[in-house]
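Please read them with the coordinates open.

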Amino acid sequence: MIDLEAIGITVEQDGKALVDNASLTLPAGSLTALLGPNGAGKTSLLQVLTGLRHPSSGTVSLDGQPLSRLTAIERARKIAYLPQTRAVVWPVKVREVVALGRFAHGIVTGRLSGEDALAVDRALNACDLDALANRSCDSLSGGELARVHCARAFAADAPLLIADEPTSALDPRHAFDIMTLVQAFVRAGGSALVVLHDIALAARYADQLLWMQHGRIVSQGSVTDTLTPARLADVFGVSAQVDGRKVTLQGATELGAGS
Amino acid sequence: MRDPALNLGLAASSLSALAAACLFGSTPMDVGRVFAALLGQGSAVDNAIIWQIRLPRALSAFLVGAALGASGAALQGLLRNPLAEPGVLGVSASAALCASGVLLWGGSVSAWSVPVASVIGALIATAIIAIVAWRTHSILTLILVGVGLSSLAGALMSLMLNLAPHPFSLTDLFNWTLGSVANRSFMDIAQVSPFLVLGAVLLAVSGRSLSALTLGEATAASVGVNLVRLRVLIVLGAGLATGASVALAGAIGFVGIVAPHLIRPLCGHDPARSLLPAAMMAGLLLVIADIGVRLMPGVFELKLGVLAALIGAPLFMLIVLRRSSSA
């Protein structure tokens with residue numbers, strides 16, 4: 001179990017604030033969905049939270065310890081990251097990609113020790129990849145590749161998962177599959193922060209929602225508290241009907257998002 | 001194929017090729033005489049032929065190949081592109097330029113001046129490539145910068161030959177730039193070996209991180225790779241190894257592409273696991289090519305670098321075409 005807290009995160013690039021004074025907490029054992037339109041600063045914020053990017057100001061701490069003090073290896077043992085891109089440069093086997101999730105545990109590719117091999121097998125099994133373990137990554141479909149990257153992240157045995165649009169470009173069935181995997185990870189004691197563009201999917205799976213607009217966090221709270229037609233109209237510029245965790249989008253509002 | 005089997009097979013083949021290289025030459029010698037000479041038990045002439053001519057030449061070919069193969073495999077892993085190689089990226093040409101400058105303008109300062117100049121030239125070029133790679137994410141831009149660097153080094157080389165103070169040394173220099181391991185001695189090998197060893201060590205310790213780069217830079221960083229450290233290690237390692245190889249044999253192209261290309265499918269396309277076998281494969285290829293060069297009939301010996309380019313350049317184009325058709 002792990003708590004992540006970010007205070008006053010600002011990311012500036014070329015004089016423009018991509019993330020503007022964002023503060024948030026990710027309580028241990030919860031699934032948080034980060035929602036916001038394109039260009040809201042979600043990916044920049046995620047890069048700061050994973051320690052891959054230094055913020056212009058603000059601090060991130062894990063269980064009270066500043067993230068900036070950790071080495072790359074220490075960080076990787078606590079946070080598993082799924083970036084938007086699912087690139088695999090060389091046609092390596094599925095098992096090898098998943099094994100790279102154990103990098104911070106000192107693995108040497110091609111020669112896994114007992115514990116590392118077990119973790120890789122567990123992750124392959126959890127993501128229903130047993131049959132594909134020896135397939136080359138360049139022969140996989142988009143949905144299969146997304147599962148491979150999920151398994152790679154789970155293999156790390158890190159308590160916190162941060163995922164940037166893990167369901168993008170996936171059909172509904174595969175999107176459900178991925179979110180079910182993330183939910184199972186959280187139920188088993190992990191925490192997760194997931195960027196989603198599918199609001200219905202977020203409402204269905206998340207324990208709490210983080211709403212982001214123009215680089216700012218505009219709301220953080222439970223699904224029932226923060227998911228309202230007014231917020232959807234304000235943040236995304238869409239009109240919607242909301243009934244508890246059920247959302248029906250009806251179309252664009254007459255005024256654009258955030259205007 | 002399992003890695004130990006692959007490595008053992010390549011090591012055995014390399015040793016056999018080195019032994020074969022001792023068998024062939026202008027003086028016919030049978031196996032018995034060669035082995036006697038290798039053990040120092042042959043006649044004075046036989047011992048001299050083996051220990052002063054054939055063995056250092058074959059060993060030079062192997063070491064030069066190994067340095068270029070390892071540098072190529074490491075650069076390909078770092079830049080995530082199978083076409084990255086010291087020759088294509090202009091590293092060899094830059095090393096040759098600096099070494100030639102020293103040969104022409106100040107070669108008698110110290111025996112170490114040529115290897116040092118060559119290594120410095122290679123390091124400057126690798127650093128430029130790494131900085132460009134950092135700033136642009138386009139592999140095409142990177143390769144083109146390498147081509148530009150190569151052309152610039154070539155142009156400066158021509159300028160230098162044009163302004164050379166001792167015209168009589170031009171032939172020597174010209175022959176050297178073609179790439180050859182003829183007439184190399186153990187002394188020549190000793191002078192480049194510190195750079196070779198250091199380069200090899202730096203590349204070897206970076207191997208594990210290269211595997212993670214298969215997932216791209218952001219993911220590699222998130223699983224615990226220190227990207228800055230990795231880049232510095234590879235730039236220094238490839239620069240040292242390439243510089244040393246150029247100091248020993250001049251610029252020999254394409255072996256750094258061809259050897260890793262042949263090896264990659266045999267070790268699961270893992271950049272880390274392909275480093276050692278790619279080095280041995282490249283060494284083996286150059287030893288065999290050098291035997292070929294020596295056995296070819298004719299008054300003038302074909303230069304090793306020329307043969308390597310004649311075989312390597314069409315293979316390079318083949319790899320490019322196959323990549324563009326599969327992309």
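1. Across the interface of chain A and chain B, the rule finds one salt bridge, and in this predicted model the bridge is formed by Glu96(A) and Arg273(B), whose closest N and O atoms are 3.6 Å apart. The count of residue pairs in polar contact between chain A and chain B, both at pLDDT 80 or more, is three. On the side of chain A that touches chain B, the elements giving two or more residues are helix H2 (72-78), strand S6 (79-82), helix H3 (94-99) and helix H5 (142-155) of chain A, and the largest share, four residues, comes from H2(A).

2. The contact between the chains takes 26 residues from chain A and 27 residues from chain B. Chain A and chain B bury about 2,100 Å² between them, with 65% of it on carbon and sulfur atoms. Which residues of chain A lose the most area to chain B? They are Trp90(A), Leu100(A) and Phe103(A), which together account for 35% of what that side buries.

3. Chain A is itself divided, into domain 1 (4-227) and domain 2 (228-259), and the centres of these two domains, taken over C-alpha atoms, are separated by 26 Å. In the contact between them, 18 residues of domain 1 of chain A meet 12 residues of domain 2 of chain A, and the area buried between the two domains is about 1,300 Å², of which carbon and sulfur atoms give 64%. Ile199(A), Gln213(A) and Leu227(A) supply 39% of the area that domain 1 of chain A buries against domain 2 of chain A, more than any other three residues.

4. As for polar terms at that domain boundary, the count of salt bridges between domain 1 of chain A and domain 2 of chain A is zero, while the count of residue pairs in polar contact, both at pLDDT 80 or more, is five. The side of domain 1 of chain A that touches domain 2 of chain A receives two or more residues from each of helix H7 (199-205), strand S9 (208-213), strand S10 (216-222) and helix H8 (223-226) of chain A, and H7(A) gives the largest share, four residues.

5. In soluble globular proteins, nonpolar side chains tend to be buried together. Here the largest nonpolar core has 160 residues, of which Leu31(A), Val98(A), Leu161(A), Leu209(A), Leu227(A) and Leu232(A) touch the most other members. Helix H3 (residues 44-79) of chain B gives the most to this core, with 13 residues, and the core also draws at least three residues from each of domain 1 (4-227) and domain 2 (228-259) of chain A. Leaving aside neighbours within four places in sequence, Leu209(A) is in contact with residues including Ala33(A), Leu35(A), Ala202(A), Val223(A) and Leu227(A). A second, separate core of 28 residues includes Leu26(A), Leu46(A), Val60(A) and Met212(A).

6. A search of the whole structure finds 15 salt bridges over all chains. One of them pairs Arg216(A) with Asp20(A), the closest N and O atoms being 3.2 Å apart; Arg216(A) lies in strand S10 of chain A and Asp20(A) in strand S2 (residues 16-26) of chain A, so this pair ties together parts that are 196 residues apart in sequence. Arg216(A) counts as partly exposed at 45% relative accessibility, and Asp20(A) is also partly exposed, with a relative accessible area of 23%.

7. How far apart in sequence are the parts tied together by Arg102(A) and Glu115(A)? Their salt bridge, with the closest N and O atoms 4.0 Å apart, ties together parts 13 residues apart, since Arg102(A) lies in the loop between H3 and helix H4 (114-126) of chain A and Glu115(A) in helix H4 of chain A. Arg102(A) counts as buried at 1% relative accessibility, whereas Glu115(A), at 61%, counts as exposed. Both residues belong to a network of salt bridges that links Arg102(A), Glu115(A), Asp116(A), Arg122(A) and Asp157(A).

8. In chain B, Arg57(B) forms a salt bridge with Asp290(B), the closest N and O atoms being 2.7 Å apart. This pair links distant parts of the chain, with Arg57(B) in helix H3 of chain B and Asp290(B) in helix H12 of chain B, 233 residues apart, and both Arg57(B) and Asp290(B) are buried.

Key:
Residues numbered from 1 in each chain as written. Chains lettered and ligands numbered in written order. Predicted model: local features only at pLDDT ≥ 70, side-chain atom pairs only at ≥ 80, totals over all residues. Heavy atoms only, no water. Core = buried A, V, L, I, M, F, W, Y, C linked by side-chain atoms within 4.5 Å. Buried < 20%, exposed > 50% of the residue type's maximum accessible area, 1.4 Å probe, protein only. Domains from an automatic or database assignment. Contact = heavy atoms within 4.5 Å. Buried area = accessible area lost by both parts, 1.4 Å probe. Salt bridge = Lys/Arg side-chain N within 4 Å of Asp/Glu carboxyl O. Polar contact = N/O pair within 3.5 Å; in protein donor to acceptor, adjacent residues only side chain to side chain.
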